[in-house]
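Work through the following exercises with the sequence and the structure in view, and try each task before you read its solution.

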Amino acid sequence: MWSPFNTRNGNGASPSLSRLLTLSTLAALAPLSDAQFPPYQAVGLKTVTSPSNPNIKISYKEPKDVCTTAFRRQKQYTGWVTVPGEYPTHLFFWFVGAREPTSALTMMLNGGPGSSSMFGLFAENGPCQVVEKGANRLETAAREWGWDRASNMLFVDQPNHVGFSYDTPTNGSLDLTTGMVSPTMQLPDNLPPSLFLNGTFSSNNIQNTANTTQNAAMAVYHLLQGFLSTFPEYVPDKHSPLGVNLFTESYGGHYGPVFADTWQKENDKLSKRAMPLSRRQDDANNIQSRPPKGGSGNREIKLTSLGIMNGCIDDLVQGSRYVEMAINNTYGIKLIDQATADAITSGFNAPDTGCKDLILACRQAQAALDPLDQGTDETVNQVCAYASLTCQQLLGSVLASGANAYDIAHMGPDAFPDYHYLEYLNSRRVQEAIGSVVNYTDISPVVYQAFFQTGDRARGGLIAKLASLLQRGVRIGLVYGDRDYICNWMGGEAVSLALADAMKDLDPKSPYPTKFPQAGYENIQTNNREVGGVVRQFGNLSFSRIYQSGHFVPAYQPETAFRVFERIIAGKSVATGARVNLRDFATRGPRKADKQLQAPKDVSAKCFARNLGSTCTQEQVMAILMGEGVVINGVWYKEKKDWSPVTARSQMAEPESKRTLVGRAARWFE
């Protein structure tokens, strides 16, 4: 994933490692997959035109035996929604029905920008996970704390080039040392076959994808409209307290506020159309506010909740908390010395040239020259990209010691969660089952580059959008694992307080600016009677610090993450799950979430062949360069005997409290 501190390419390899690996010989390694090309033609897809918009088409099928659910009766659909725009856009979705009937529908978006939500489905909160059934045999098992326990789930790959989403299927070659796809198709002289895979991909044309969060928002809106019009049985009941929920992670701190704001503004257009002519202006030029010819028009999206997990939302607010997290975290881990901390703080606050003032300059230019965030003004793009780069270099210096960005308790390569799903999703069997004509792209360097060139990360206005959503009655849940550095909980707490304070700009009488900070931190209770973390909640706004969790909360603490999710979407007390009147409900407890915890023992990482740069140690890399080892189920081992048969088991096998989950995923933003 892309981050403000990341030096990785799209598949996890660092530039220096990439150069090293292109000189290697890996003849001893087994092939990564039994098939590199997906089916030439989609198998078994049904294509229909959206009843709401003739410009939207949906191609879908029911996949069989590729994602094991708790109950076989749970419906699944995989497919692509073709949405209108300047270039071909086919956005992939994987829908899984809830275990029990419910009106709730939750869209899950991982971040990046450029990261697939299949990571969320298979490694975090989806109904299934990939497990080893034997040597080079991967299957799936049901996940105990999958969020399908409480909601219908819709996982979406966006924008173009991410996951299974594409513009035009294009044959090419994937260089695993860089994550880049090229049209070469012929093995370079200095690269072994194991690291150079031919296949079919999205075109990877940087012009054929979104370059700002705002540009990405409308395509996802069209996808949701197309899905709901094709499957009206999953439209939330307007009389139910449950509705549509949007949950995001990491760079989803940008996606969530902008996408939700777009949905609400499109709802406003629908309401305006529904008014009698005498009560509205007849805007004949506003084509978007009218139903497309031949279509019945869009549906109102009943957004009830927005959840952001370890989100990087606003660097102006969160930026100063990186130093605090580095030297004064609740695990007693010192990532840097005081002199380095002072230097970073000075660099952040330096007049004109510091990170803070550069972000302000970006936002001033944005407001004056690109207020709609279209990414078309080069002056704004350059100013904002420079601000992003400067902050990246400054705040990323904390990681020079080898500290892990996603889990401060872990040093070195990514150790958690694992990446068997990379091999699984690139198998022909799975691609035939879901109907794909392109290979799976976990992280798109092209999308990352497109967003970086416009300085999307440094642009502002997101807290104001969150305040507007809160004002409309949307529940806002901010959920942060407390061992994450990259989008840390201290910065998340600062965002929650800034959001509450921003409410006074919308309503001088709003209780949030005073009542939210006054609410105390209350323990989050789980079924096993352990405390999963603490939460501050007033009304529809909550902030949770999740104990012993890195960047990917649902993977580290499955039960706690599910309990928080279920309580947010149901409008309950996040601490206890009790039904409360959110109009004046507030948690009780201490004003600070400063409980000190002991970090777990570190664990070693598995070396995944499809994620060399982020999961392999230097010793493993050198062994690979010497032609040693074998790859089994996508993992490199020094000797075959180092791999032992495992019994497939899901998270049902052990209670959350008995597992030690450390490390980070080899992704930047999710």
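**Exercise 1.** Is helix α17 mostly covered or mostly uncovered, and how many of its residues are buried?

*Solution.* Begin by noting that this is a predicted model, in which helix α17 runs over residues 558-570 and so has 13 residues. A residue counts as buried when its relative accessible area is under 20%. By that cut-off 12 of the 13 residues of α17 are buried, and the helix is mostly covered; among them are P558, F562, F565 and I569. Finally, look just past the end of α17, where G571 takes a positive phi of about 70°.

**Exercise 2.** Find the disulfide that joins C312 to C487, and work out its handedness and its place in the chain.

*Solution.* Lastly, C312 counts as buried at 1% relative accessibility, and C487 is buried at 0%.

**Exercise 3.** Which parts does the disulfide of C362 and C384 tie together?

*Solution.* The S to S distance between C362 and C384 is 2.0 Å, and with 95° about the S-S bond their link is right-handed. Because C362 lies in helix α8 and C384 in helix α9, the pair ties together parts that are 22 residues apart in sequence. Both C362 and C384 are buried.

Technical notes: Residues numbered from 1 in each chain as written. Predicted model: local features only at pLDDT ≥ 70, side-chain atom pairs only at ≥ 80, totals over all residues. Heavy atoms only, no water. Helix = DSSP H or I, 4+ residues; strand = E, 2+ residues; numbered from the N terminus. Expected span 1.5 Å × (residues − 1). Buried < 20%, exposed > 50% of the residue type's maximum accessible area, 1.4 Å probe, protein only. Disulfide = S-S within 2.5 Å.
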